[in-house]
Amino acid sequence: MQKVNNKWIKLGVEVLILAALFTLVQYLITAGLLKQYYQISLASMCINVILAVSLSLINGFTGQLSLGHAGFMAVGAYIAAIMTNMLDLPFITGIVAACLGAGLAGFIIGVPTLRLKGDYLAIATLAFGEIIRVTLQNIDYVNGPAGIMGISKLSTWSWLFGGAIITIVVIVNLVNSSYGRAIISIREDEIASELMGINTTKYKVLAFVVGAGFAGLAGALYAHYFYIIKPETFNFLKSFDILVMVVLGGLGSTTGAIIAALFITALTAALQSFPAIRMVLYALILIIVMIYRPQGLMGNKELSMKIFGRIWGGRN
Amino acid sequence: MLAVKDIDVYYGAIHALKKLSINVEQGSIVTLIGANGAGKSTTLKTVSGITRPKSGSIIFKDEDITRVLPEKIVGRGISQVPEGRRIFAAMSVIENLEMGAFLRKKKSEIDEDIEMVFTRFPRLKERRKQTAGTLSGGEQQMLAIGRALMAKPELMLMDEPSMGLAPLLVKEIFDIIKDINSQGTTILLVEQNANMALSIADYAYVIETGEIVLQGNAKELMHSEEVKKAYLGG
Amino acid sequence: MRIGKKIAMLVLALFVFSIAAGCGGGGGATPTGDKAGDAINVGINVELSGGVASYGTNARDGAILAIEQINKAGGVLGKQLKPIERDCKSIADEAMSISAALVGEKIVAQIGPLTSGDVAGSTPVMMENKVPLIAPAATAANVTVDDKTGKTRDYIFRVCFIDPFQGTLMAQFASNDLNAKKAVIYCDNSSDYGKGLAQYFEKTFTANGGTILAQEGFVKDDRDFRAALTKIKGLNPDFIYVPGYYQEVAPLIKQARELGITAPIGGCDGWDSPDMVSVAGNDALNNTFFTNHYSSQDKDPQVVEFVGAFKAKYNKEPDAFAALGYDSVQIMVQGLKDAGEANPVKLTEALAKIKDFNGITGKMSIDDQHNPVKAGVILEFKDGQQVMKTRIQP
Amino acid sequence: MDEINLMEISKLDKSFGGLSAVQDFNFQIDENELVGLIGPNGAGKTTVFNLITGVYKPDNGCIMFKGENLVGMAPYTICAKGVARTFQNIRLFNDLSVLDNVKIATHKNVPYGLMSAILRTPGFYRGEEEIETEALKYLEIFNLKNKKDELAKNLPYGEQRRIEIVRALATRPLLLILDEPAAGMNPQETQELMELIRYIRHEFNLTILLIEHDMSLVMGVCERLYVLDYGQIIAEGTPSEIRSNKRVIEAYLGEDVG
Amino acid sequence: MLEFAQQIVNGLSLGAIYALIALGYTMVYGIIKLINFAHGDIMMVGALVGYFSLTLLGTNIFVAMLAAMIACAVFGVLIEKIAYRPLRNSTRIAALITAIGVSLFLEYFTIFLFGPAQKVFPETAFPIKAYAVGGLSILNKDVFVFVSAVVLMLILQYIIKWTKTGKAMRAVSLDREAAVLMGISVDKTISITFAICSALAAAAGVMLGVYYNTVNPLMGIIPGLKAFVAAVLGGIGIIPGAMVGGFVMGLLETMVSGYGNSLYRDAVAFGVLIFILLIKPSGIFGEDTGEKV
């Protein structure tokens, strides 16, 4: 019984901390105490956390190198924007449709490509991501390269924060279950995994679809915060950006992905004051971190939960 | 000629070789026999520098080669016939042999030695232009041996040359090994085919889980009940 | 392995050092005001990296030149202008985030970004904070006007003319002056700019009785156009309209002529760059025409002076973006003078009322949709020289 | 139904790029039997295992398991039917804990649904406890319970070998296939392993097929042996029959046996 | 028919350039299993060196190309030593991220030094002449690009096939450990590979400069990606594959632009890539290798 009690206490503490964090920011925003600039940074952080955590499910936990995450984000962003902006449907419909649409795209792309291994998979996903972009560029209904402008700003702090938390909770819960172990075993040794009775194809596709679906969520939130979406925003360099977060955080570490997403967003913001050399510095930091910590900031470990009072339910 | 002294080798947390020592006298054939996973190949890899021992030393011709880069060790006069042959499958037979002589400079001498290998292995000569990957198992093994010979080694390390070969071929390969030795090359032979190995060796070590458990004159070990037991069970 | 890392570190350190040193040396580009309180902050939010880095850089250079000249002449309202320069990486969300940061720095107005998309990213922040944005080169119609409501966006201005105007202008010219009946459009499909122009050209040209034989497209950073050109050659048109930017258009024209296409080719202000001549060559450019705000070959003293000053400072020819960046600052200064105080809202009101402002890209008045009403010119390339063909008042 | 063997393999052929690895391989194993497949390195033993477990597709022949032909099935389906194996060159999930390694093998019997896992329903917690209890039970038998939180890669070789067996056992197989389980173990460890194999056979009512290169293990533990050489069965019989079989000794020790 | 022939001519020179860049991707991949995303940017550096050699030193085009090749060979070796070698035993994805970092660094450090604007190759460096051959318009620069690319590929073939260094490169990429046992220094061989690949990229860069007579700091991204696709198409790690892949890409692009919709050109290129990967994952010339259990 002791164990069960602990579980509920932990959960209570987690919820409390998150609620406090949410309320604090919400208060600062309503009271006008938080500069708009920081609000935008917070929004970017939430979106990047969703992207990094969802890609980390594919790249970090399943071990399938995907370079097309921006493509799924694009699918979500466009679907959501069409729903709200052009069809005047409520935001929640847009979000759900974005997740489902991106998930479906993940399924369509995942089923044929996930047979490929390693670099070949990476290339195929990169190619698919670019195909999505080029296709959007050629659809007049969504204004081709100009994209959709004037999307209502519906992504409030509640949506952004909620979206990030739901992504983290779902993916952490998934990873820390028997299904998650099955997924991780694919990364560790696909053949052994298959021979231990795990339908590796099914779980690879599952991880891919879930990851893509959340990328769609990030896209929907992005579209309704930043007012404009165009195909160019979701090119392969954007996929690289997300990949950088995941690898920098440590493959197979959710906390790592979160920390790296926050770090990179903050770094990008901090480098704004050095317009001439921001990209040079960014590149240098990337190279240096990789040379000195090739396994990423966290390796495949999670941040010690004890210190931070277990923010989310994890392994025992 | 070669003295391996108290080497410890680890693969991650696995202690693969435990204070292992062996000696190889000049001009002899020494064999290292034992079960799969006992540490035979690791021993050879450590001698050729591919694996680094955590402690202990390797002395070759009175020089410490423990920390010498693997690609330099060939130049010192040690060449290896690796386990599973490891020939360059997409290269031709001749090219494989040329690779064996990579560190040698004189083109004419190399060409002479290639001819020498061809005299030793006439079947390779017929297939000189063929890609090595298309050779049969036995031919590949001959190529691997020929390639190691091209370095003009003083000591030749051979890792399971009989693996996967038909009995007739095994016999042929072992005859060749004997012949190479009789022409002055010292040989350290790792084998799972114990009797075959013991029949041509001068001295033998039996290795079990990274340790030498038995050693002695090869001819004596051949009839030793202990070896038989180790292989065939009690 | 360790030694490798050490060498790596050393070289990286050297790079960082050289960059830092470079920044120290190049610091002159961002002069600070005499005293903190005395300066008027001007946000410069442009694309210094990413896809359209060269447009942003040129506009920035033009804007900085204008600010320096004004400061040297004593500033505005007794105060110096202090540019705060930021790189929006050619990404809309970055443009938004930067605008928010700039607004936090109490800027009186923001110059840039260059592309319509990036301006759109910036727009909500500017609107919310009631700070005017002056777009040097965003030509899409809906930059200053909300598509849905038809209302003018109060705080968004621009100094370039918009797509419908240029497209119409060239179509009129093609039909009337060149007597073209069969045209092919080969446009930059990766920008709303190229597509917008193509659309308005087609509308007017067909209204005039012409036919569009085909519409081909290229995308940014394309350098090989011969496949589509070979196709176009087979259609044998008597006019080809190529709305796009010079980076693509110059090699395009060159390749067209190399393939033996002799038909007249028309274009737009995106053509205006010294690179047109150096890339395409004098011969290839003969029999080509484009609409523009101004010409760097213009003998107007104001233009000559600008070109001279720009060359002296940056050692390169100013292109249209540089001129538009320069004019963006100048029109802002005019607005500040009219407003009489450095207040963003007052400045906005003043900007909306500007009439007959003499910019180097022409005399302009801001209309009620915040677009500049200014003359367009049609220039012809003759042996590498831009020759004014006609000037058309809207 | 007694006449039906648990597994019956007939006329199995497999070649790689023209080289024949297994030829006309015939084999049967009864329920609850402990059979050894022996032969020198490169004889094709592991290939046989790979064919049975679906890693390779045979060119010819059929593999009947409980009256069903396994040929053409995916490895995970074959595992679900009740065939589990270990690997000659240990293939543990290196970066995972020992406990997780074993838990993964129980996945085919996962007691809760995906949504239940994501929503953390009570069923999930109950299920996880079941899984853990079961995994610990197996680890206990192999005396590895105290190592449950160690990363698999950090354990000594012998223990890694044992975890491989535990992991295979956790899939609740009917037929357990062990590929050189004693490789790299010293005689004492080997001895202990034999005891364990005998024990689990009775405890879990298993049928066991094992490959060994080292004959000391198989002689002691197996009831029946098949000897493979050059992809073909050269002998079959009880350990004592095999030990005195001339062809086997030749295959093993080379020709010049005294 | 004439138009078709003209499209072939157009595609061939483009393909030759892709092939040269693709060779670099393929050889680096073959030897260290790294997708060197910075390769396109090395090409850009080569084009810049060529440009400065033409404008500042006033050399002719061949000297400029040689200078670019030498400079980039040194440069490529440095990049490998500094950025990639420390990661040789790390995961491949870490190396991949580093390559992305190097790519960004090259692009933006160049912008930092020289500005983002394109630079125009001087007209005098390569005066264009057009030849009409049976109704086809063939330019001297087409001939120049095609011939020099083919010559470089022949030289490369010679090096790979017949020289000791080339054989060592093949040996290392086939079996690194066995190569070490032959006395081949892996580090040195990898350095040489980078030198050769970067020199080829530099040559391609100068050719692109001649071909389009402009160079700019971001010019490497798109051709880099295309060439990479070409390398995979032919079978990454396989040298003749990269050559064929390059020509296939060049012709494919021209054909799509010429007979389809040029806007779908990239989509078609990527679509073909995916198609090839799905039916033959190791590329047109690749050999499928199963994993050993």
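What follows is a short chat about a predicted model.

Visitor: What should I know about the numbering and the model before starting?
Guide: This is a predicted model, where local features need pLDDT of at least 70 and side-chain atom pairs count only at pLDDT 80 or more, while totals for chains, interfaces and linings use all residues. Residues are numbered from 1 along each chain as its sequence is written, chains are lettered from A and ligands numbered from 1 in the order in which they are written, and side-chain values use heavy atoms, without hydrogens and water.

Visitor: Is Cys187(C) buried or exposed?
Guide: Cys187(C) is buried, at 0% relative accessible area. Buried means under 20%, exposed over 50%, and partly exposed in between (1.4 Å probe, protein chains only).

Visitor: New topic: how many helices and strands does chain C have?
Guide: Chain C has 13 helices and 15 strands. Both are DSSP runs numbered from the N terminus: helices are H or I with at least four residues, strands E with at least two.

Visitor: How much of chain C is buried?
Guide: Buried residues are 62% of its 394.

Visitor: What about helix α9 of chain E?
Guide: α9(E) covers residues 221-234, and twelve of its 14 residues are buried, including Phe228(E) and Leu233(E).

Visitor: What follows α9(E)?
Guide: Gly235(E), with a positive phi near 110°.

Note on methods. Expected span 1.5 Å × (residues − 1).
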